[in-house]
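Take a look at the chain below.

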Amino acid sequence: MCAAFAPGVARADDPPVATSDATAAEEVHARGSRAGGFVSRANVDDAPREVTDAASLVEPLPGVHVRRFGADDSFATLSIRGTSSSQVGILLAGVPLSGGADPSLDLSTLPLWPGARATVYRSFAPASLGQGSLGGTLALDAPKPDSPARTDAWIAAGAFGSRRLRIGDVRAVGDGGARIATAISASRSDDDFSHFDPLASTSSRDVYTTRINAGHAAVNGLVALTVPVTFAHEATGALTVTLLAQARKQKLPGTLAAPTPNAELASNRLLASVELTAANSLTFRTWGRREGLDARDASSRAVVTLGPSESHDAIFAVGASASARVRPHSSTTLDVRVDGSGEAYDPGLWVGAAQPSSATRASAGVGADVESMPMGRLTLSASGRADAWHDSAAAGVDARTELRPTGHIGAELRVGDVAF
């Protein structure tokens, strides 16, 4: 079952309309250029079928392949145009979720809420978005506090003990123009079912086994608050604070030949982002992220798998960026960005296996995007970034420094209803 309501308000994804009188309305469609790269977007509200998790939101997009290790909400990785999942960058509210310590992000850990929007860059992403990724980029937009006021609730129940919930709300706070968006999502399932066991069956007798230790439980909470800010000379801007908290427990059933009835993972993520915009042309952002991963298994099984019976790991990351948008010419737009970040992998207690060494990464980058329309039918685009980072393990072992420049150019020519 599912339910949704938005009493007396416009939906956030309603198309803009131009009204000529009190009774007539005409739809207005705005089209963007693809000169900067190939982009696809997905919206929970516009999905052709019910969206159960973040993986099913982006899976129908062209060039996107989601590899699942089970049913919905199970471990899943993202590949774009056949690249490795470790070559795909993933961002939430402009904050990178993937990095050196966790290059292949588990899509099941991504939050989902009413009105959630995802953008997939199948080629180079804009330099103003952040560090480029060879295999493409997935960007999830946080709930927009400046969206029309709305309240949505989505509840679903299905087979295998699955239950899902998404609640979102956008409203004004006080009379000063501040607005707040809140979102909560949760899911659980047991994923237990009977299946034919080819190892225990014989030619004269079929044996069916119930799969166990395959369930999960997850909860996510997200808050975005925007407060208007007035600068000198009556210039206006906004301060936006975004907070995310997640917790998840995932059981690992193993395979038919090697079941793991005791293995499970517990993960959590805390994220905070503060963004200040001025006159819609200057943006300053600072962010921090902490992720924890606890793995457990029975000691008898860990001996077979050669893994730890217990491990506790943590990832810490912080970063900041400054960007500006200027118009050097009436037909030209220039975006410039400078950013830097630091990341640390901290292995905690490991039982039954050797503890890996800690590691750190420091990075800095600068990028620019320029788009020009010298003629009404022709759009030219160019983008370039230079990223440098330094990786080091404990005691300086295997330390290295790399500089990676990236860039691309593009053009789009429209001839009637055809675009080249």
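What percentage of the 420 residues of the chain count as buried? The share is 39%. Keep in mind that this is a predicted model.

Start with the overall build. The chain carries 2 helices and 24 strands. Its radius of gyration is 24 Å, close to the 22 Å that the globule rule gives for 420 residues, so the chain is as compact as a globular protein of that length. The C-alpha trace spans about 75 × 60 × 50 Å along its principal axes. Now consider how the sequence folds back on itself. Count contacts between residues at least 6 apart in sequence: 59% of them join residues at least 24 apart.

The surface comes next. The accessible surface of the chain is about 22,000 Å². Carbon and sulfur atoms account for 60% of that surface. As for charge, there are 38 positive and 44 negative side chains. The centres of these two sets lie 2 Å apart.

Now go inside. In soluble globular proteins, nonpolar side chains tend to be buried together. Here the largest nonpolar core has 36 residues. Which of them touch the most other members? They are Val58, Leu78, Leu107, Leu110 and Leu138. Several elements supply at least two residues each to this core: helix 1 (54-58), strand 4 (64-68), strand 5 (76-80), strand 6 (89-92), strand 8 (117-121) and strand 9 (137-141). Helix 1 gives the largest share, 4 residues.

Set aside residues up to four places away in sequence. Leu107 then touches Ala54, Ala55, Val66, Ala76, Thr77, Leu78, Ile90 and Leu138.

Thr52 sits in the loop between strand 3 (39-43) and helix 1. Is Thr52 buried or exposed? Its relative accessible area is 16%, under the 20% cut-off, so Thr52 counts as buried. Beyond its neighbours within four places in sequence, Thr52 is in contact with Asp72, Asp73, Leu112, Arg164 and Arg166.

Backbone angles are the next stop. Most residues other than glycine have a negative phi. Two residues here go the other way. Arg81 is not a glycine, yet its phi is positive, about 55°. Arg81 lies in the loop between strand 5 and strand 6. With a relative accessible area of 48%, Arg81 is partly exposed. Asp191 also has a positive phi, near 55°. The loop that holds Asp191 runs between strand 12 (178-189) and strand 13 (194-196). Where Arg81 is partly exposed, Asp191 is buried, at 9% relative accessibility.

Follow the chain past strand 13. Val207 is in the loop between strand 13 and strand 14 (208-210). At a relative accessible area of 15%, Val207 is buried. Which residues does Val207 touch, not counting those up to four places away in sequence? They are His195, Phe196, Asp197, Ala200 and Ser201. Asp197 is 10 residues from Val207 along the chain, and their C-alpha atoms are separated by 5.7 Å.

Gly100 is in the loop between strand 7 (95-96) and strand 8. Its relative accessible area is 42%, which makes Gly100 partly exposed. Gly100 and Arg361 are 261 residues apart in sequence, with 7.3 Å between their C-alpha atoms. Gly100 touches both Glu343 and Arg361, leaving out residues up to four places away in sequence.

Finish with two residues from the later part of the chain. Val303 belongs to helix 2 (residues 299-305). Is Val303 buried or exposed? Val303 is exposed, at 62% relative accessible area. Val303 and Ala353 are 50 residues apart in sequence, and 9.5 Å separates their C-alpha atoms. Met375 lies in strand 21 (residues 359-375). It is partly exposed, at 49% relative accessibility. Met375 and Arg122 are 253 residues apart in sequence, and their C-alpha atoms are 27 Å apart in space.

How values were computed. Residues numbered from 1 in each chain as written. Predicted model: local features only at pLDDT ≥ 70, side-chain atom pairs only at ≥ 80, totals over all residues. Heavy atoms only, no water. Rg over C-alpha atoms; globule rule 2.2 N^0.38 Å. Buried < 20%, exposed > 50% of the residue type's maximum accessible area, 1.4 Å probe, protein only. Contact = heavy atoms within 4.5 Å. Areas by Shrake-Rupley, 256 points an atom, 1.4 Å probe, with all protein chains shown as cover. Lys, Arg positive; Asp, Glu negative; His and termini not counted. Charge placed at Lys NZ, Arg CZ, Asp CG, Glu CD. Core = buried A, V, L, I, M, F, W, Y, C linked by side-chain atoms within 4.5 Å.
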